[in-house]
Amino acid sequence: MLKGNFELIGDKSISHRAIMFSAISKGHNKISNFLMGQDCLSTIDCFRKMGVDIKIEGSDVFVKGNGLHGLKAPTDILDVGNSGTTIRLISGILAGNKFESTLIGDESIGKRPMKRVTDPLRLMGCRIEGKDDANYTPIKIYGGNLHSIDYKMPVSSAQVKSALILASLYADKKSTIHEKVRSRNHTEIMLKSFGADINVDDLSININPVEELFSQDINVCGDISSASFIIVGALITKGSEVMIKNVGLNKTRTGIIDVVKNMNGNIDLLNKRLVGGEIVGDLLVKYSPNLNATNIDKDIIPRLIDEIPVIAVLATQCEGTTIIKDAKELKVKESNRIKVVVDNLKLMGADIEELEDGMIIKGKSSLKGANIQTFKDHRIAMAFSIADLVCDGDVKLDDTKCIDVSFPGYTKLIKELSK
Ligand SMILES: O=C(O)C1=C[C@@H](OP(=O)(O)O)[C@@H](O)[C@H](O)C1
Ligand SMILES: C=C(OP(=O)(O)O)C(=O)O
C-alpha cells in the first residue's frame, strides 16, 4: 500500500519551456522548482552551447537571457539526448536565428519523426537538411529570414504547435496555427507572460512577431504525468491513501483525473489556486476497491497521452472491458508504447489485445511477476513498477536508469510511500 503526502517534482513540459523562453528573453530569469530530469538538463545543455548563461542552484535555475536575436551559433552539435520536446521546440527557435546548427539525440530520438516540424518550418522559408528528407536526426537547420505561415496541423501535437509558435515570433508578419484537437497549452500561457503577442481563438493561435521577450520569474508546478504513477499505485493497492501536493491541473493535462473518476476511483482535488497562469491543486487519492472499465478515445487522448501506459495497468484492475482508441501517436514516443505495453502486460497474464491505434483490456486480472523489457522508456519502467505493487511474484525491469528522464527520485519516493 502507498501512504503519505509529498510535494510533487516540477513539470517537464513547463520546465523545458521556462529554459527556452528565458534564453531568448532580455534580462534575468529565475525558475523555481525546475525539473532536474535528464530531458530538461538536455535543454539547458543545448542553450549553454548557444552562449546562454544558465546557473543551477538546488532546484532553482537562473537564466540570463540573450534576447530574441541574441543566441550565438552553437559551439558544438546540439545533443537533445532522449527528449522529443527539446528537439521539436528548439527547431522552431533555431529556424528563426541566423546561423547553422545540427541536432542529434539518442537511439530512440533517431527513430522519432521530425517531418511534422521540419515540413512546416520549410514552408516558412527555412532550409533544413537531414536523414530521409529531414524526417530523422541528424537534422541541420540554416536559420533566419522566416515568413509567416497559416498552418493546419495534421497531427495533434503540442510540440509541433510550440515549434511553430516559436518560429512565428521571428516571422515577417502574423502567423496562424490551427489545431484539430486541443493539446497542452503551456507555450501559449507562458509566452504571453514573456510579452509575446499571442491570441487564442478556439483552436486557432494567432502570433504577431515581436522585437523582444521580457524576463520572468517562473514557479514550475508539479507534473501531473509524474503524479499519475502514484495515483494509479494508490488506487489499486489495499489501504492506500496519498496526498500529492502542488499538482499542475491545466485542463489540457487532466484527462487522467476524468478517467479515474469514470472508473469510480477515489480522487479529490483540494486547494485549487492559480500560479503563473496555471491552475494548481493537491490530490487526495485512496484505494478504490470497486473500479470499473471505461472507454478512452478522441479528444481526451492528448489530455492523457503520456499516462496511457499506466492507465493500461490500471485497466487490468478494473471490472469489465476498457477500450483505448485514437492513440496512434503512442507508436512514435520513446518506444512503441502500444506494442510494449501490450506485450509486457500479456507476459504478466493480463487479458489484453493490441489495436492499430490503442488496446483492449479485459479486467479484472490477477497479474504475475515477469521480466519486463522497458526499451529504456521512462514511462514504461514506471508503469510496470506500479504493476509490481499488485502482482504475484516480482516485476524485474531491464532498466531503471531511464526513469531519471522525467522523474529523478521516483524509486526512493515509492520506497518511502510503501508500507
Ligand atoms: O509539448 C510537450 O511538452 C509534450 C507534448 C506531447 O508530445 P506531442 O507533442 O508529440 O504530442 C507529450 O507526449 C510530451 O511528453 C510532452
Ligand atoms: C513522450 C515524452 O516525452 P518527449 O516527447 O519529450 O520525449 C514523455 O515524456 O512521455
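Residues are numbered from 1 along each chain as its sequence is written, while chains are lettered from A and ligands numbered from 1 in the order in which they are written. Because the model is predicted, local features need pLDDT of at least 70 and side-chain atom pairs count only at pLDDT 80 or more, whereas totals for chains, interfaces and linings use all residues; side-chain values use heavy atoms, with hydrogens and water left out.

Begin by selecting residues 204-208, which form strand β12 (strands are DSSP runs of E, at least two residues, numbered from the N terminus). Of its 5 residues, 4 are buried, that is, under 20% relative accessible area with a 1.4 Å probe and protein chains only.

Now move to ligand 2 and select the 13 residues around it, of which Lys12, Gly84, Thr85, Arg112 and Arg379 come nearest (a residue is near if one of its heavy atoms lies within 4 Å). A polar side-chain atom of arginine 379 lies 2.7 Å from an oxygen atom of ligand 2, and one of glutamine 159 lies 2.9 Å from an oxygen atom of ligand 2.

Notes:
Buried means under 20% relative accessible area, exposed over 50%, partly exposed in between (1.4 Å probe, protein chains only). A polar contact is a pair of N or O atoms within 3.5 Å; within protein, one must be able to donate a hydrogen and the other to accept it, and residues adjacent in sequence count only if both atoms are side-chain atoms.
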